[in-house]
Amino acid sequence: MQPVRGPLASEPQTVLVPRFCASLMEMKLPGQEGFEASSAPRTIPSGELDSNPGPGTGPSPDGPSDTESKELGVPKDPLLFIQLNELLGWPQALEWRETGRWVLFEEKLEVAAGRWSAPHVPTLVLPSLQKLRSLLAEGLVLLDCPAQSLLELVEQVTRVESLSPELRGQLQALLLQRPQHYNQTTGTRPCWGSTLPRKASDNEEAPLREQYQNPLRQKLPPGAEAGTVLAGELGFLAQPLGAFVRLRDPVVLGSLTEVSLPSRFFCLLLGPPMLGKGYHEMGRAAAVLLSDPQFQWSVRRASNLHDLLAALDAFLEEVTVLPPGRWDPTARIPPPKCLPSQHKRLPSQQREIRGPSGPRLTSAEDRHHHGPHAPSPELQRTGRLFGGLIQDVRRKAPWYLSDFLDALHLQCFSAVLYIYLATVTNAITFGGLLGDATDGAQGVLESFLGTAVAGAAFCLMAGQPLTILSSTGPVLVFERLLFSFSRDYSLDYLPFRLWVGIWVATFCLVLVATEASVLVRYFTRFTEEGFCALISLIFIYDAVGKMLNLTHTYPIQKPGSSAYGCLCQYPGPGGNDSQWIRTRPKDRDDIVSMDLGLINASLLPPPECTRQGGQPRGPGCHTVPDIAFFSLLLFLTSFFFAMALKCIKTSRFFPSVVRKGLSDFSSVLAILLGCGLDAFLGLATPKLMVPREFKGCRRDSMKYCSRHPTLPGRGWLVSPFGTNPWWWSVAAALPALLLSILIFMDQQITAVILNRVEYRLQKGAGFHLDLFCVAVLMLLTSVLGLPWYVSATVISLAHMDSLRRESRACAPGELPNFLGIREQRLTGLVVFILTGASIFLAPVLKFIPMPVLYGIFLYMGVAALSSIQFTKRVKLLLMPAKHQPDLLLLRHVPLTRVHLFTAIQLVCLGLLWIIKSTPAAIIFPLMLLGLVGVRKALERVFSPQELLWLDELMPEEERSIPEKGLEPEHSFSGSDSDDVSSRLGPLRRMCQGLGERSCPGAK
């Protein structure tokens, strides 16, 4: 191909958008996980999410997950920082000036504004790539150049036959000239590098002070390398000069780049003057090429010019063309928020290395990389009694020490405060409801003690310690029904409840022994979303309901209501009370002089009435009319403030460190704000009241208190029979069977939700071990007469969300990468220990207004409800088609079918709510189990392809569909999904992530 000559003024303005910019952020680029990563080059293949680092080297509390730290057989390439230095000033005074830089996206230097532009997706002119290819094909290509300094590199580059010795000397002097960098350091004025000619000396090769002060250095991970592109017009050159150099060993080339980094690539593009921005655009094209991960991967391993040009041609095959006249060329495309995998763009050699020849996946990796027909290791039958339980213990035991060491992080402190207040409020709320439902047989005291004991024991022994045990709405409904049954048949409630608990524990142990937990494979997203939506709505309903109940305790006084009015009563001359007089005085001074007897307190406040010798009389004399209204304000303030602080992480305000801190402590700050407003105004709003000691009091007399349970006349150990006949211990098996179904469904659905793939848990699940712990605790709480506890879905999800780990070292324009959850046992353990110690914190907790905690309850319910795909599909019902978001779901399933699936879920949710709220609640456990049957029946209504997008495939459906059976209908472009034609697993994981967190860092 002949060198390109002539002006570029007439080039067509067809613009190319590199495909990598539409899929960069899903790619796990080198070192972008955080400063905690090692400086040694390592990477992982795009599309792979998890790996098992081994128990001995668990993920550090502050570092990235080992997902981002390992490569399946391929050494990790360092992150590349690219800088474009442009030669300006011809023919008067030549100088090199930095005009652009790339990490993931392009930043242009805006000289007039004195700043760098916002990161944006680079767009290129098509002829610039063509001319760059021509120039590289005819130019100098040095691979594995042994140069150790900029002087040696310049000497290598200028060894061109077309250059005379004189021109070679002038060119070397020009290339050794120090470039100008725009270095904006905090608290200082912009620093520009000197333009004086350089001499090759050790001092000149040393980096400048400004290079170390550059704020960009903090965003680059250890081990990052640099690539420099020099481009411009040079009048004494008769023909274009192009050179591409890959250094054998990265070397710091003095002040060539604005950040002191070892340079790996060097590209020189010079030529005679021409019209337009020919060399500027070619320099940008070279920089964009180097910033592309796949081109960079190929050029690092290129052995000759042919490999280099092949990588460039592969890049050209992936670009997207924007036609001229249909867009604004001056517009800058912002970085996308969500990007799919780059697996389809991997070079064939890289695919082979990352394919079958890669190392065998470890057990934790198997959870997320198993094929479509193989269940995860936690859900595989062993065929032995308690075989699943033994496997769970063996799987979790090596992680036990790291479960405590990984909690040594400030984020865990925030999670403890948040979940503690939620747990205490929940214990008080359900304790009060339980006391009303059982006529005082159990109350707030038992709720606090049971929450502390059962929760702490579960966190120490469970397979998934991030689960928070608590009283739940469905279990409370069953307790109410059980008490009503005992009262109707004149049974002693607590002994009958003891035998129900014993039978439940027995049934659960049988389920553990027979490995019944493997049936959770049939709990698809349909079942999970129905249950999660129900529990979330219960939270929202209870929070709003309790807030409205305050209007009955503190009624809103309206003119004419029975609670309105306060009168000041004066005794008559004869000692008798005077009659009510409704005449009004002309002014305030007439009130005392006139013998009105009884006057309106709105004219004479109660304190003044007392000072004047009168007595305030009336229903409104001792009522503060602002409490109900102000409680509502506190309720809404805490809710909206917590929501706003949680969303501030993705906003444009404040530095990233401040945003992350405000987001992590959002709930705590919302509670503190509510307490501050309440204390400032000094209104007597209802406060959080906890027992001051472990003792109970009679319901009819607060004077009778002893170190016994709430119900007088019994100890902490429940009598096995009491006054009940012995055969009731056998009859208790029937209600216990229903409760066992409820416990199994409630516990395991929550466990499935918490162990979903998108949370990237590294230490594995423990379905059998968790159910075993619940069974043992069910027996313990029944013997002690304490409430029954099971996994609380909403609080557990809030616990998980408060422990999200994200990368801290982010390139300009890149959103923080979601690294997983901080898996540990300490936060839950401390929460339940503090719950038990709350009796000693009563003097402090009494300042927390209950409306503030109700607002936090509402926040947790809304957050859990908004995290499921079901909510997004409900919103689609209310949106016109032209305003609907461009979801992948809508690209592959007709909208009418989506609405039909959503309507079926709404009907099931409505039935669950109605049954829960009526006397038919005794069959509520069976209705939960019926969700699985409804989902199975949907196979006759929807095709497997539709269910794959709307829900998940059941095990039988997966086995009945070949791995490539979905290829024709689901053949996506590279921007849509993973390589679906190769396996069904990645597609299922993508479908699973549509409703929650479809991309790392998304909120």
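**Reading a helix pair and the cores**

Me: In this model, L738, I741, L742 and M745 in α24 meet F924, P925, L926, L928 and L929 in α33. How many of the residues in this contact are nonpolar, polar or charged?

Reply: The contact of α24 with α33 divides into nine nonpolar residues, with no polar and no charged ones. Keep in mind that you're looking at a predicted model.

Me: What describes two packed helices?

Reply: In general, you give the angle between their axes, plus the distance between those axes. Here, α24 covers residues 733-754 and α33 covers residues 924-937; they pack at about 45°, and their axes are 8 Å apart.

Me: Why are α24 and α33 called oblique?

Reply: Look at the angle. Under 35 degrees would count as roughly parallel, and roughly perpendicular runs from 65 to 115. The pair sits at about 45°, so α24 and α33 are oblique to each other. As for handedness, α24 passes α33 in a left-handed crossing.

Me: OK, on to cores. What do nonpolar side chains tend to do?

Reply: In soluble globular proteins, they tend to be buried together. In this chain, the largest nonpolar core has 139 residues, and V500, I743 and M860 touch the most other members. There's also a second, separate core of 31 residues, with L124, L135, M282 and L290 among its members.

Me: Which residues does V500 touch, beyond those up to four places away in sequence?

Reply: V500 touches L482, A732, P735, A736, L739 and W788 on that count.

Me: Is S666 buried or exposed?

Reply: S666 comes in at 2%, so S666 is buried. You'll find S666 in helix α22, residues 666-681. Leaving aside neighbours within four places in sequence, S666 is in contact with A642, L645, K646 and Y859.

Me: And where is P119 found?

Reply: P119 is in the loop between β5 (115-116) and β6 (124-125). P119 and E814 are 695 residues apart in sequence, yet 8.6 Å apart in space, C-alpha to C-alpha. Not counting residues up to four places away, P119 touches F105, E106, E107, P335, P812 and G813.

Me: Zooming out, what percentage of the contacts join residues at least 24 apart?

Reply: Take the contacts in the chain between residues at least 6 apart in sequence: 78% of them join residues at least 24 apart. For the rest of the overview, the chain has 36 helices and 20 strands, and buried residues make up 55% of its 1003 residues.

Technical notes:
Residues numbered from 1 in each chain as written. Predicted model: local features only at pLDDT ≥ 70, side-chain atom pairs only at ≥ 80, totals over all residues. Heavy atoms only, no water. Core = buried A, V, L, I, M, F, W, Y, C linked by side-chain atoms within 4.5 Å. Buried < 20%, exposed > 50% of the residue type's maximum accessible area, 1.4 Å probe, protein only. Contact = heavy atoms within 4.5 Å. Axes fitted to C-alpha atoms, helices over the stretch in contact; angles between N-to-C directions. Helix = DSSP H or I, 4+ residues; strand = E, 2+ residues; numbered from the N terminus. Parallel < 35°, antiparallel > 145°, perpendicular 65-115°, else oblique. Left-handed = near helix turned anticlockwise from the far one by under 90°. Nonpolar A, V, L, I, M, F, W, Y, C, P; charged D, E, K, R; others polar.
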